[in-house]
Amino acid sequence: MGSSNRGRIVVAGILATLAATGATVGGQPRSAAAEVGAGHVQTSIKWGGCPELAPGVKRDPRQTCGTVKVPLDYRHPQGETITVAVSRIATAKPGKKRGALLFNPGGPGLGGLDMPGKMAPTLPKSVLNSYDLIGFDPRGVGHSTPMSCGLTDSGFLNVFAYPGAGGSIEGNVTSARAAAEQCAAVGDKLRFFTTANTARDMDRIRQALGARKISYWGQSFGTYLGAVYTSLFPHNTDRMVLESNVDPSKAWAKMLDTWNQGMNDRFPDAARVAAANDTELGLGGTVDEVTDTFLTLADHLDRKPAAVPGTPAAVNGALLRAITYQMLLHNETLAPLTQFWKAAADLSAGKAPTDAGVAVLKQVLADAVAEPGVPVDNQVTMALALMCGDTTWSRDVDSYAGATSAARAKYPLSAGMPNNIRSCAFWSTKPVEPLVKVTSHGPRNVLILQNRRDNATPWAAGRGMREALGDRAGFVGVDNGGHYVYGTGSTCADKATVAFLTKGTLPGKDLACVGPRS
């Protein structure tokens, strides 16, 4: 679902029922806390070759891979096990090595096995000399005992649930119920693929690496995973970077609701690009005019999708909005996004797209290349497993219809998608445990990076993470748009990140950084 050289995003999800004792230790059920180190704990990793890549995809030749066995259910650590795929690029220099730096690209549902090779070119020698870079596919994802519900329809639009014409959610109800029924057929096993258990797997990776503590860099959903890890294992956490943040107090339906304001904050960046190119695009000469054009076009495509000549595809309102959401994640895709709007407008008007429009249509409508050994619906399956399995959702269909209608009126750019019904309303199992409470208790060793205009993890969510971690964290806010902070043009933010990873230096007070020069 949106991509960059450093990871991709899908959405967000989390958990809820007490274990038998009802008591908690460090935010987790007493039984799980006591048993996390019980059973067989792997204390080494056999490094070797990595899984086969999709055609055309390249991997850093320095990277090696291995596996770590972990319990399916940490309440019963002697029971069934699953495999977590891990990777390493050993960049640390003798005499300078601090430890291991574990990465997660977010999602949820995104694999991180090749994160070391993606991150290494962005990091200075001072960081590379200090850390071995560690990647992993979270449980159920990619090459880590991958899960599949056998979903064959458009999983993307099942997660990004845009209503139909006039705001109808009838189609969403049907598809959400169908996906939930397919996942129910997988059985009870899927309910153990949660954020908290993924965090426990991270600690098993730490132990397998032979590390007393582990450093971590999480992006998007990975920030929530990191916050859960350091809440469960505060004394096993070394230095932690949380980039583009989920608000841990809003997992998950309330977090999706923040997308409404996030879209309002971010969309004008793209509209300004379109307005500056009005002579070519004809979408409007001001931000307001471009916005009106977009909303009118989306409404028209809701009612009359436009066929794409030479393909079986058609552009409807949901697809227009979903691609817009994804391309707003990166500043470098704003100009191509405006070309996509132009192409969609031409198709809707019965006109042939320009050469630039044809090119961008081919790009955004291209099928993803399948990765050998990974089910085609793996990312969507795991996004739903985490969103629906981490916490309970309302089962009142009418409540979603009302919330969607209200959101459409207040936030027309989002069209009610963040508040719409999803498969979680029909999920067959209850969460296996309550949410892990993210608090300020623990060492001061977390750096939060957050952009002002991020449509996927908005500013308010970053501030929510800041509030939850309190004095444990330093905060760097950047006057920039898009979903990633480090390496996107803010020298101030980049220096703060490197200083933290190499020297442990955190800003004494919240730091406000300028963004890249426009």
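**Stop 1**

Select I89 and then L133: within strand β8, L133 is the bridge partner of I89. Strands here are DSSP E runs of at least two residues, helices are H or I runs of at least four, and both are numbered from the N terminus. This is a predicted model, in which local features need pLDDT of at least 70, side-chain atom pairs count only at pLDDT 80 or more, and totals for chains, interfaces and linings use all residues. Residues are numbered from 1 along each chain as its sequence is written, and side-chain values use heavy atoms, with hydrogens and water left out.

Next, select R88. In β8 its bridge partner is I134, while T64 stands opposite R88 in β6.

Now show the whole strands. β6 and β8 (residues 131–136) run antiparallel and are joined by four bridges. Strand β5 (residues 64–71) also pairs with β6 in the antiparallel sense, over eight bridges. Two strands count as paired if DSSP finds at least two bridges between them.

Colour β6 (residues 81–89) by accessibility. Seven of its nine residues are buried, so the strand is largely enclosed by the rest of the structure. Buried means under 20% relative accessible area, with a 1.4 Å probe and protein chains only.

**Stop 2: the sheet**

Select the strands in the order β5-β6-β8-β7-β9-β10-β13-β14-β15: these nine form an open sheet with mixed pairing. β5 and β15 (511–514) stand at the edges with a single partner strand each, so one side of each has no neighbour in the sheet. From one strand to the next, the twist averages 20 degrees.

**Stop 3: helices on the sheet**

Angles run from 0 to 180 degrees between N-to-C directions, and axes are lines fitted to C-alpha atoms, for helices over the stretch in contact.

**Stop 4: a helix pair**

Finish with helix α13 (residues 334–348) and helix α14 (residues 355–365), which pack at about 105 degrees with axes 8 Å apart. They are therefore roughly perpendicular to each other, a term for angles of 65 to 115 degrees. Residues in contact (heavy atoms within 4.5 Å) include F340 and L347 of α13 and V360 and L361 of α14.

Note on methods. Buried means under 20% relative accessible area, exposed over 50%, partly exposed in between (1.4 Å probe, protein chains only). Angles under 35 degrees count as roughly parallel, over 145 as roughly antiparallel, 65 to 115 as roughly perpendicular and the rest as oblique.
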